[in-house]
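These are my notes from going through one model. I looked up a sheet and its packing, then the backbone.

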Amino acid sequence: MTQGNKWSHYFAQLGENQAFEQATAQTQQAINSLFKNADKPYSGLEPALLKQQINAVDFSQPASLQDVIESTNELIAKNSLLVQHPHTIAHLHTPPLIASIVAEHFIAALNQSMDSWDQAPAATYVEQQMVDWLCKTYQLGEHSDGVFTSGGTQSNLMGLLLARDWFAANRSQHDVQQDGLPEYAHKMRIICSDKSHFTVQKSASLMGLGERSVVLVNTNVQGQIDVQALQLTIDALKAQDLLPFVVVGMAGTTDHGAIDDLTAVVDIARAAGCWSHIDGAYGAALQLSEQHKSRLKGIELADSVSVDFHKLFYQTISCGALLIKNKANFNTLLHHADYLNREGDELPNLVDKSIATTKRFDALKMFMTLKAVGEKQLGEFYDYLLLLTQEVASKFEQNKHFELCCTPLLSTVLFRLSPLLQGDLSEAEFNKLHQTLRLTMLTTGEAVIAETKVDGQLVLKFTLLNPCLHISDFDSLIAKIEETALQLLN
């Protein structure tokens, strides 16, 4: 036996592979048992005790993989959040489709690196096929292109970065890639609504422009950008000799689910000489809905669009994409390496249009989902969810112990305890009650709901993403929240 053969049982090998088969079978059996026996979204293990038990794991002596799988199931899996549970309803965190989970098995075992064709021959073509499908779906035109990303944060960063480089090249033929930020960088401004995702500010910081370069525009009561205020903001910035270079429109804000008037946003941006970027991480999936895709009208006009598949496309985390109207703008990311994407390569290397080098074969998840589930069925999921969301909102309107904060626009429901329960509590104390209520529900394992702020008030939030839920699931959940709130008040 050669030295290498001594270690073969640690790896997923070619040929007969009993160790791999046994390990995957044992893992799948453990997951199946966990799902079958689950009665709470979280085990209810006290956070400090969970931390203590995880930190107590001893890595000094290896154990058999069989024992490691068993102990991982007991300590980690059984104390994880079960996103499939009806009472897991806090964040944009979906139950994944079986097709996506199965795709992950292929992705992990094949371990393709999506930077060069010679590391991912079939995978490269699959990703480009999925990008072409996306560009066609969003009607971005014959010169459009895209790339898969880790999610909305990376997609937004890339969209804004491309906007920055495009603006500098058009304004003064300045090459940011070669020469760094232009001398007028301190004047450059990013414009978005006050309900935009925090990754806009984060991206501004990473791009060297600073968070103060982000200018917020007021929104209406539904959380949509005020397009008249947007125009006035751009005019005011230019009057101050500042340089607005990109306008960010929202296709689904995190809290309200608000979709901006995308046509107006893009038209105003274009007239002002700005790049238009649409953050569609949450709501861009509506493009597959026959009932609701008209709400995205104007997205086809944008210079760049962020799409998240690990939200309403029901893919396993992480999986996203950035799409751009003019593929030539990817050239500002291009850098040739002699060992990887040599000049003159005839085969495609996806690293040419990505800020990542090694990248997962996440496109396979959408590939298998489109084949196994289909666009039409995905669209029907959304139609049902939006209808269910309105029914859940009505439950709060009809309950004297709650108040609905606003009419849902997508699949989020914002609510508070009724002022009837506030009594002599100050506003700060009443806000604290909401926080305590959420944490109590979480740490006891009864339900996972979210909290946020709207107009300075702390509110609670349901995010409906699971199309397998029924309105009866919410009867028991709302009753449990009501019961817990009343107990905390006594």
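**Sheet and helix**

I started with strand β9 (residues 412-417), which pairs with strand β11 (residues 457-463) in the antiparallel sense over four bridges. I take two strands as paired if DSSP finds at least two bridges between them. Helices (H or I, at least four residues) and strands (E, at least two) are DSSP runs, numbered from the N terminus. The model is predicted: local features need pLDDT of at least 70, side-chain atom pairs count only at pLDDT 80 or more, and totals for chains, interfaces and linings use all residues. I number residues from 1 along each chain as its sequence is written, and side-chain values use heavy atoms, with hydrogens and water left out.

I noted that V413 stands opposite F462 in β11. Helix α12 (residues 375-397) packs on the sheet and touches β8, β9 and β11 (contact: heavy atoms within 4.5 Å). The direction of α12 makes about 10° with that of β9. Axes are lines fitted to C-alpha atoms, for helices over the stretch in contact, and angles run from 0 to 180 degrees between N-to-C directions.

I then traced the open sheet: four strands, antiparallel, in the order β8-β9-β11-β10. Its edge strands, β8 (402-404) and β10 (450-454), each pair on one side only.

**Backbone**

I found a cis peptide bond between I317 and S318, with omega about 0°. S318 sits in the loop between β6 (304-308) and β7 (320-324).

I also checked Q139, a non-glycine residue with a positive phi near 55°. Q139 is in the loop between α5 (121-137) and β1 (145-149).
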